[in-house]
Amino acid sequence: MTQYNLFGFRDSKRNLKLNTNLKKRGSITLTQFSENENLLRNDSFENETLQLSKNKSQQKIPLNQLENYQNYKKNYFPKSKIKPENPIIPRNTFIQNDIQSDNFEENENENEIEIENKINQFDENEFDLIFYSSIEFIENEQELTVSENVTLLIPQIDKDPLYIIGDLHLTSYRLFFQPNENNTFYDKKISKQLPNIPLGFINKADKIGGQKSKGMYSYGIEVKCKDFRVYRFYFPKVNHSRRFIFSKLVERAFINDLRLTFSFFHKSNSSIDLGWFIYDPLKEYKRQGIESTQKSKWKIVDWNSEFGICTTYPKYLVIPSNISQSHLEKLKKFRTKQRIPVLTWRNPKKLNTICRSSQPKVGVARSKNESDEKLILVISQKNPSKLPLQIYDCRPKANAVANKAKGGGFESLNNYKTSELTFLGIDNIHTMRESFTKLINSALYSFNDDKKWFAELDNSGWLIHIQKLVYWAVKGAKLIDSDYSLLVHCSDGWDRTTQICTLIQLLCDPYYRTLEGFIVLIEKDWISFGHKFSQRIGHANEKSNDNQRSPIFIQWIDSVYQIWQQFPHAFQFNEEFLITIYEHSISLRFGTFLGNNEKQRNQIGVRQNTASLWTFIYDHKIKFLNEVYEEVDGLIYPSYSLRHLIFWERLYLRHMGFVGNFTSLIDSNRQTEQNAKEMIDNLQKLISKLKKSIEELKEKINNLKKD
């Protein structure tokens, strides 16, 4: 739905500004149009005054791009002098002008005649339609309430804060602020800091002061976001002006029931959401060369269709062909959360594999399970190279040992004799949460102070954690290239395990570096294998200090970006694609990342009742494609040196108006590379022409000799 926020004309030689006083009409009808010009909604306003004034934050749209202009002109400025019963006036109408406004008398007929005469003086091709930078409502988004004359405080780095007056809007999907028309933003950084917050991003909302608090800015609301943005809105101290919008905001943002979030109201009932069908587990495993035939070493089973084996695993599991269902029943309780070892990826060329699981329940008593030991032995034997199975325990060894006291632990090589064990030393969700908090709270607000910036960035430890993920991904990919098979686990097998498994696959399999393949990778390993998105992100949950929240997925997205920026040609998708995935894992617009596992999503009917992010991605595919993509067949090995890992400005500073130097450098390099490609193409064409000319000359010489 397109919300037209102004309708105005600007002559190339003269500028026109109109102040239209409509108070005497008593009641007017404001009609909102869609792009196909169907009437969508009528709002009646009494004693409404529409002021047409200048604003710098506008986007000019050439008139030839707006269809049915004549119909608009006919509706808004009828040639008949008879006043229509319900004049159609676009909402928030104003016309830009840089000169003093013409004053019109309140006589309506004179107004209409004068407006019509002035408009008719212009040639259609000489002016543009101008739109105020506004919020475009998405499908089924509804405005719930608006608070007027609200003051927004915007903190500035090394400067006094800005105070901007405008209207605070709460919709069923977001909270956004629209400045009054007399606010002019010459600095793009400021306009980017204006709040437009999907409700899923809101971490906490608090009241500031009360009706009797002293001071101009002492009665308001503070909104804290999950990406650590903080906004303060101050209200007039009259009639408890913040009460209604605050109660509605808390009610909508912390609804504590996924079925009541906006994602369940966004989907059109009539549309078929193709995004839900991009990932087909049977098709994906078949691509890897796994088919349930008698000669196959692996088989796809649906024994978990009722989630009896594991409540957090998908319906379809891939296991060795000679393992029975009763065998799995015997070993499932030996693994934490019953997350047994199963295959997630098979090398289509070398036939070695990556399997995943949770930790074994060894405990202080050093328990063992023969069925589990046999399964690990069989997995090892399925590798054609017969090399030892490499077990990657993602935890620091001290943590793994400590887990024995809680009934967990790790594999004893005395019992798993065909395996080798390596501890990766990746810290847990609590350490990652603290690191991310330091990164945002400290590093962002010292951005203009180089010495403090690097100190704070180093103190956060964020890039150190990213480095560790990339390091072990490279090591794992090299093992795969050397014909080894892997089993990866941590404690529960849904956080660090998923990070490592997917990064290794990204390095090894070119398919996962395509737009479709990357979607399949997320669906397969993150969503279907039960990463707890709703718990880690805190979807619609008011417990802002929940210690189960952790930035595991954003850390992985950042790790992918680090690889992407070193191999920009090897990925079919661009940086915007990664940022969009991150934002909509939180926004609650789509159902793709709702819930903690496949069982929970089935129970609340996510596929049937919500829209898929992947449909949105494919509808805007051109926006997410990498222009310099060239398929790299085989493995890629990024550098994991800190010298080659960078702070991702476009993600973490996207709401502060900064433009990353590296991003500019990448864009510049891409342009240079594109120019070089064009030059090479032109040279090749020139060489072809020269060859053709030489052949023609040779032919002419031969003909002359014959003559």
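1. Cysteine 490 sits in the loop between β20 (486-489) and α13 (496-508); helices (H or I, at least four residues) and strands (E, at least two) are DSSP runs numbered from the N terminus. UniProt, in an unreviewed entry, lists Cys490 under "active site", and such annotations may be inferred rather than shown by experiment.

2. Before going on, please note that this is a predicted model, where local features need pLDDT of at least 70, side-chain atom pairs count only at pLDDT 80 or more, and totals for chains, interfaces and linings use all residues. Residues are numbered from 1 along each chain as its sequence is written, and side-chain values use heavy atoms, with hydrogens and water left out.

3. Is cysteine 490 buried or exposed? Its relative accessibility is 3%, so cysteine 490 counts as buried (under 20% relative accessible area, with exposed over 50% and partly exposed in between; 1.4 Å probe, protein chains only). Leaving aside residues up to four places away in sequence, cysteine 490 touches Ser357, Ser358, Gln359, Asp393, Cys394, Arg395, Arg496 and Thr497 (contact means heavy atoms within 4.5 Å).

4. Now for a helix pair: the axes of α16 (residues 552-566) and α17 (residues 575-586) come within 10 Å and cross at roughly 180° (axes are lines fitted to C-alpha atoms, for helices over the stretch in contact, and angles run from 0 to 180 degrees between N-to-C directions). The two helices are therefore roughly antiparallel (angles over 145 degrees). Among the contact residues are Phe553 and Trp564 of α16, and Leu578 and Tyr582 of α17.

5. Over the protein chain, there are 23 helices and 20 strands. Buried residues make up 53% of the 707 residues.

Notes: Parallel < 35°, antiparallel > 145°, perpendicular 65-115°, else oblique.
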